[in-house]
Amino acid sequence: MKTRRRNYNPVAGAPTTSHRKRVKLTTSIGHNFFNMLPDDIVLSIFIKVGSTADCPSDFVAGVSTCRRFKTLGVNSLVLSKASAETFAVKAGNWSEFAHRFLQRCSDAGNVEASYTLGMIQFYCFQNRRIGAALMAKAAIKSHAPALYSLAIIQFNGSGGSKNIKDLIGGVTLCARAAFLGHIDAIRELGHCLKDGYGIGKNTVEGQRFLIEANARELSTICSKHSSALLSGDRKNLHLLVSDFGFCLPCSRSHPANRFLVDWFGDRRLDPALRVCCYGGCGRPETRVNEFRRCSVCSVMNYCSRGCQARDWTMGHNKNCRPPVRL
Ligand SMILES: [Zn+2]
Ligand SMILES: [Zn+2]
């Protein structure tokens, strides 16, 4: 009893490391402490772990501990609340197991899983109908990235001929994503209004949307990187000069986009098709000359004006030159 008191850490309220090394998590009758917890408490723990995990291994390590955890870890309640980072599998690690796990999360009602698997099916495996249906499943539950991705598909007529472009449908989806605060959707809508693309031209309103997109971007980045901004850490302050010339750090792409970047970085597309030149996007063309080109250099290709604006601020503004005519 004296030994326990000496090793108890009064600040942390938990046994010290030396004490933990000597005392196993077992009772005098040899049961593991976790075995004594009822299922609903263990489930609550897994829901918390799954919804806050930063990478798949955080979650998998917990689930793989024992047979009971394997069963409780894939309970539909846990899967429905798992974060996008929990199933952010790398393209090189893609497997039937990863596919089944994402599908189970989607079936459990996880909109992030539906969106991620939808993007993978649509672009990586060319299963256009299945991919679009999964994205629609997320979009119908007001998942802003899914609404925006479906808008890009409508604007570009992705997966079909250019005659099936639906500009009005694209603007409608974009407007819904913008209403939910999706920055790229607000920016895209601003450009559509300025150009009269799929909607009546309204330059003033378009400019207002572009200002709003930049203001939201500034706010998001400042809140995420406040320490770097305050300390003036130039290493972390790479990027972002948005439409109005701010120099700010870049926000992290969605796991679905990171997967596409990895996937098409390793595998060659049909040489006639190109991948969006914005490094945080990864969307490939689904037919020749689907994407818009930079009107100055005619070298860079973008799936959307949102990606073009981001890549411009990422550094293309320094490299963009008109082609040399011989
Ligand atoms: Zn793009
Ligand atoms: Zn250019």
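Biologist: Which residues does Asn-257 touch, not counting residues up to four places away in sequence?

Modeller: Keep in mind that this is a predicted model. Asn-257 touches Tyr-115, Met-119, Gly-280, Cys-281 and Arg-283, with residues up to four places away in sequence left out.

Biologist: Where is Asn-257 found?

Modeller: Asn-257 is in helix H16.

Biologist: And is Asn-257 buried or exposed?

Modeller: Buried. Its relative accessibility is 9%, and buried means under 20%.

Biologist: New topic. What coordinates the zinc ion (ligand 2)?

Modeller: Four side chains do: Cys-294, Cys-297 and Cys-320 each use SG, and His-316 uses NE2. The distances are 2.1 to 2.3 Å.

Biologist: What arrangement do the donor atoms make around the zinc ion (ligand 2)?

Modeller: Tetrahedral, because the 4 donor atoms subtend angles of 104 to 117 degrees. Four donors count as tetrahedral if all angles lie between 85 and 135 degrees.

Biologist: What spacing do those donors follow along the chain?

Modeller: The spacing is C-x2-C-x18-H-x3-C.

Biologist: Are His-316 and Cys-320 buried or exposed?

Modeller: His-316 is buried, at a relative accessible area of 7%. Cys-320 is buried too, at 9%.

Biologist: Now helices. How do you describe two packed ones?

Modeller: You give the angle between their axes and the distance between the axes.

Biologist: OK, what are those values for H11 and H12?

Modeller: H11 covers residues 144-156 and H12 covers residues 167-179. They pack at about 165 degrees, with axes 8 Å apart. That angle makes H11 roughly antiparallel to H12.

Biologist: Is the crossing left-handed or right-handed?

Modeller: H11 passes H12 in a left-handed crossing.

Biologist: Which residues meet there?

Modeller: From H11, they include Leu-147, Tyr-148, Leu-150 and Phe-155. On the H12 side, Leu-167, Val-171, Leu-173 and Arg-176 are among them.

Biologist: Last topic, the backbone. What is the phi of Gln-126?

Modeller: It is positive, about 55 degrees, although Gln-126 is not a glycine. Most residues other than glycine have a negative phi.

Biologist: Where is Gln-126 found?

Modeller: In the loop between helix H9 (111-124) and helix H10 (128-139). Gln-126 counts as partly exposed, at 45% relative accessibility.

Biologist: And what about the phi of Asn-289?

Modeller: That phi is near 55 degrees, a positive value in a residue other than glycine. Asn-289 sits in the loop between helix H16 (255-266) and strand S3 (292-293).

Terms used: Residues are numbered from 1 along each chain as its sequence is written. Chains are lettered from A and ligands numbered from 1 in the order in which they are written. This is a predicted model: local features need pLDDT of at least 70, side-chain atom pairs count only at pLDDT 80 or more; totals for chains, interfaces and linings use all residues. Side-chain values use heavy atoms; hydrogens and water are left out. Donors are N, O and S atoms within 2.8 Å of the metal (3.2 Å for Na, K and Ca); water is not among the atoms, so sites may look incomplete. Four donors count as tetrahedral if all angles lie between 85 and 135 degrees; four count as square planar and six as octahedral if opposite donors are over 155 degrees apart and all others between 65 and 115; anything else is irregular. Buried means under 20% relative accessible area, exposed over 50%, partly exposed in between (1.4 Å probe, protein chains only). Axes are lines fitted to C-alpha atoms, for helices over the stretch in contact, and angles run from 0 to 180 degrees between N-to-C directions. Helices (H or I, at least four residues) and strands (E, at least two) are DSSP runs, numbered from the N terminus. Angles under 35 degrees count as roughly parallel, over 145 as roughly antiparallel, 65 to 115 as roughly perpendicular and the rest as oblique. A crossing is left-handed if the near helix is turned anticlockwise from the far one by less than a right angle, and right-handed if clockwise. Contact means heavy atoms within 4.5 Å.
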